[in-house]
Amino acid sequence: MKKNNLPMFNSELINAVENFSALMLPLSEKELDRKWTWKDHDEEGIRFAFFVTIQELRQLAVLLTSTRTPLTQAQHILGQYHKQYLGLQAVVIGVSKEVSERIPNDGEWAIRQAYAHILGAEFSFRTVIRYALERHRVAQWTPERIPKPEYPRLYGINESEYEFLMEGPLDAMLAYHHELHPSIIQEFSNITDQELDLPAAFWEETRFPIRHRLHRFEAHIIQHTVQIDKTLTAVSQTPSESKRLIRYLFSALAEVNAKMISSDNYPTSSSELAKNINLRVREIQSALEN
C-alpha cells in the first residue's frame, strides 16, 4: 500500500482508511458475515466494521467543522472537488488492467481512455486558472488565449512526458493523479473571494470567471465517473457489496479531508481514529484467519 504524504490532510488517517479498504475490497458476502464484535454489536459480522468506521469519520468531520476557522469560498469549492475525486477513486478501486482496457461497445471509451480524459482535463483546468491568476496578480491579464509556448511550464511536464502518461496503463495514471490532485488543492486554496470573479481564458469565446473554472474540476469528474460506472456495468463488473460500501467510506473520509484544507493543525482525535482503524484492520485479519 502506497503511503500518503498529502499536504493539509492527515496522511496517517488516509493510510488507515486505505488499508481498511484494501482488506475489505476482495471479501465475499459470506466473508462479510464472519464473526466480528464491536462493543455490544455482535450479530452483524465483519461488514459492521464499515458502518462503525463511516460513523466515526462523520463524527470527526462534525468536530472539525466546530473547531476550525470558516472555509473561504475557494476552499469550499476545492472541498467539493475533493469529494468527487474520492468518489471516482471508489469507482475505479480494484479495476484490473484487463478490465480497464475492455471497450464496452463500438465507438465508446474503455475505462483507461475515460480516465486519461479526466486526467488531461485536470491539467487543462489547472493551467487555465494558474495562468489567469499569474497575469491578474501582476495586473497584466488580457482576454487572449494562453500562448502555446507557455503550456509545458504551466503543465509541469513536457509534451513527450504528457503523451507517455496519457497512453500508459490505468495504474500509472492513478498514481500520477494521486500526487496531482492534492497539489491542485494546495495551490488554489489561497484564492480570494475577489479573485474568484476575475475572468480566465480557455477555448470558449466566453471568458468565464475563475469561480466557474474552479467548479469545473468537480463537475467534469462527476460526468465521467458516471461514464465509468456505466462502462463497468457494460463489461459485467457489477460492484460487490464491499465495493459499494467503500464508496460511502471514501465519501466520509472526503468530508473530513475537506475540513482540513488550509488547516495546519490536526486534532488529536484524527490521529486517534487512525490508530483505531488500524487496530480494526488487525482484528478483522485475525477473524478471517480463524
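Residues are numbered from 1 along each chain as its sequence is written. Because the model is predicted, local features need pLDDT of at least 70 and side-chain atom pairs count only at pLDDT 80 or more, while totals for chains, interfaces and linings use all residues; side-chain values use heavy atoms, with hydrogens and water left out.

**Aromatic rings**

A pair of aromatic rings is described by the distance of the centres and the angle of the planes. Rings of Phe, Tyr and Trp (its six-membered ring) are paired here if their centres lie within 6.5 Å, and planes under 30 degrees apart count as stacked, over 60 as edge-to-face and the rest as tilted. A search of the whole structure finds 11 aromatic pairs, among them the edge-to-face pair of Phe48 and Phe51, with 6.2 Å from centre to centre and 70 degrees between the planes. Both residues lie in helix H3 (residues 48-67), 3 residues apart, which is about one turn of the helix; helices here are DSSP runs of type H or I with at least four residues, numbered from the N terminus. Relative accessible area is computed with a 1.4 Å probe on protein chains only, and buried means under 20%, exposed over 50% and partly exposed in between. Phe48, at 13%, therefore counts as buried, whereas Phe51, at 35%, counts as partly exposed.

Another pair, Phe123 and Tyr155, is stacked, because the ring centres are 5.2 Å apart and the planes stand at 20 degrees. Phe123 belongs to helix H6 (residues 111-137) and Tyr155 to helix H7 (residues 151-155), so this pair ties together parts that are 32 residues apart in sequence. Both Phe123 and Tyr155 are buried, and together with Tyr151, Tyr162 and Tyr176 they form one aromatic cluster.

A nonpolar core is a set of buried Ala, Val, Leu, Ile, Met, Phe, Trp, Tyr and Cys residues joined through side-chain atoms within 4.5 Å. The largest one has 88 residues, and those with the most contacts inside it are Leu13, Leu214 and Ile228. Helix H6 gives the most to this core, with 14 residues.

The table compares two helix pairs, with axes fitted as lines to C-alpha atoms over the stretch in contact and angles running from 0 to 180 degrees between N-to-C directions.

| Helix pair | Axes come within | Crossing angle |
|---|---|---|
| H6 and H10 (residues 210-234) | 10 Å | roughly 180 degrees |
| H3 and H12 | 11 Å | roughly 175 degrees |

Angles over 145 degrees count as roughly antiparallel, and H6 and H10 are therefore roughly antiparallel to each other. H3 is likewise roughly antiparallel to H12, and their contact includes Leu60 of H3 and Ser270 of H12.

**Two buried residues**

Ser270 is placed in helix H12 (residues 268-289) and counts as buried at 0% relative accessibility. Not counting residues up to four places away in sequence, Ser270 touches Asn10, Leu13, Leu60 and Met260, where contact means heavy atoms within 4.5 Å.

Phe202 is found in the loop between helix H9 (170-188) and H10, and Phe202 is also buried, with a relative accessible area of 17%. With residues up to four places away in sequence again left out, Phe202 touches Ser124, Phe125, Val128, Arg145, Arg207 and Arg213. The C-alpha atoms of Phe202 and Ala132 are separated by 9.8 Å, although these residues are 70 residues apart along the chain.

Notes. Parallel < 35°, antiparallel > 145°, perpendicular 65-115°, else oblique.
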